[in-house]
Amino acid sequence: MILTVTLNTALDITYRVRSLRPHAAHRVTEVAERPGGKGVNVARVLAALGHEVTVTGFAGGHTGTVLRSMLAQAPAAPVARGQGGAEAPGALVDALVPVSGATRRTVAVVDERTGDTTQLNEPGPHISPAEWAAFLGRYQELLPGASAVALCGSLPPGVPVGAYAGLVRAARSAGVPVLLDTSGEALRRGVAARPDVIKPNAGELAELTGSHEPLRATQDARRRGAHAVVASLGADGLLAVTPEGHWRAAPPAPVRGNPTGAGDSAVAGLLSGLVEHLPWPDRLTRAAALSAATVRAPAAGEFDRPAYTELLGRVRVTGAASAA
């Protein structure tokens, strides 16, 4: 079982408009509503790849009820063993902790003319000390059955800024590989707890290290405590610096569409490759293909399966393994 943690779950709403213009009324051409938050998106992709996944974090209020209902209906499909993922159908288990506040909503507005996306993110419910303690108890209960853990997204109000650092240490104490995907001070403190992998985007990496040169910044992030660093560089794909070597992975051409959730799909690719014991180049191939296929999908937490299958054979991976 892969465990994903989403402390700030969300109900994701995606609007598509023909052209987004400030100070103007817009007619929405399409609406999509999905369970969201970074770790939830990761879990949905993993389940679609055929993996068993447990989702934990917080949910509350009417939006939390809707989110949990959608999770219960989330489809999972089998795929062939090998580069595409696991063989058996996946399963997604809801282990969210209820809270008194309402789960947030996020709104993505996609401009169909330009392909650009405008994102509006609510802050999330305030988490009380008792609710935080209940989550920590749930997390400790779930860790022994996990093959890997993903800690993803922002911290809702009330959660200690060093929360991810503590969750990383707990996973390491339990002998469970842990991937961290967050930003700002939560990332800085979490890296110091020595997670197995971090997956920042270019902006988060620059904020962490002070460097805007991707390779230098990625190497610096490793020195700060991460065992391996995989940076999302948008259209330039992924850059990985690991003890086994360093590589870049990118699709053959930039993909047009909605980029929301593309980084979460990359995390799903990395995690699935980790638990399947794939070498780093194969993990990165899968992650880059999933990320690009998600840009072509209508909403975060989903990917265009034909595009994914086609891209698996076309992702370019360059780099080298470290000398033995």
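# A walk through the salt bridges, helices and rings

Start by selecting Arg-16, Arg-18 and Glu-112, which a network of salt bridges links together. (A salt bridge here is a side-chain nitrogen of Lys or Arg within 4 Å of a carboxyl oxygen of Asp or Glu.) Before you go on, keep in mind that this is a predicted model, where local features need pLDDT of at least 70, side-chain atom pairs count only at pLDDT 80 or more, and totals for chains, interfaces and linings use all residues. Residues are numbered from 1 along each chain as its sequence is written, and side-chain values use heavy atoms, with hydrogens and water left out.

The structure holds 13 salt bridges. Stay on Arg-18 and Glu-112, whose side chains meet at 3.6 Å, N to O. Arg-18 sits in the loop between β2 (10–17) and β3 (28–36), and Glu-112 in the loop between β7 (104–111) and β8 (117–121), 94 residues apart. (Helices, H or I of at least four residues, and strands, E of at least two, are DSSP runs numbered from the N terminus.) Arg-18 is exposed at 62% relative accessibility, while Glu-112 is partly exposed at 30%. (Buried means under 20% relative accessible area, exposed over 50%, and partly exposed in between, with a 1.4 Å probe and protein chains only.)

Now pick Arg-34 and Glu-302, a salt bridge with its closest N and O atoms 2.2 Å apart. Arg-34 is in strand β3 and Glu-302 in the loop between α9 and α10 (305–312), 268 residues apart.

Then go to Asp-264 and Lys-38, where the closest N and O atoms of the salt bridge are 2.8 Å apart. Asp-264 lies in helix α8 (residues 262–275) and Lys-38 in helix α1 (residues 38–48), so the pair ties together parts that are 226 residues apart in sequence. Asp-264 is buried at 5% relative accessibility, whereas Lys-38 is partly exposed at 28%.

Select Arg-283 in helix α9 (residues 280–295).

**One side of α5**

Next, show helix α5 (residues 184–192) and colour its buried residues: Ala-186, Leu-187, Gly-190 and Val-191. They are on the same side of α5, because they cover an arc of only 125 degrees around the axis. (The arc is that of the directions from the helix axis to the C-beta atoms.) Elements covering these residues include α4 (163–173), β10 (178–181), β11 (197–198), α6 (202–209) and α7 (214–223). After α5 comes Arg-194, whose phi is positive, near 65 degrees.

**Ring pairs**

Last, look at the aromatic side chains, which give a count of 5 aromatic pairs. (Rings of Phe, Tyr and Trp, its six-membered ring, pair if their centres lie within 6.5 Å; planes under 30 degrees apart count as stacked, over 60 as edge-to-face and the rest as tilted.) Phe-58 and Trp-132 make a tilted pair, 6.5 Å centre to centre with 45 degrees between the planes, and both are buried. Ring pairs join Phe-58, Trp-132, Phe-135 and Tyr-139 into a cluster.

Notes: Contact means heavy atoms within 4.5 Å.
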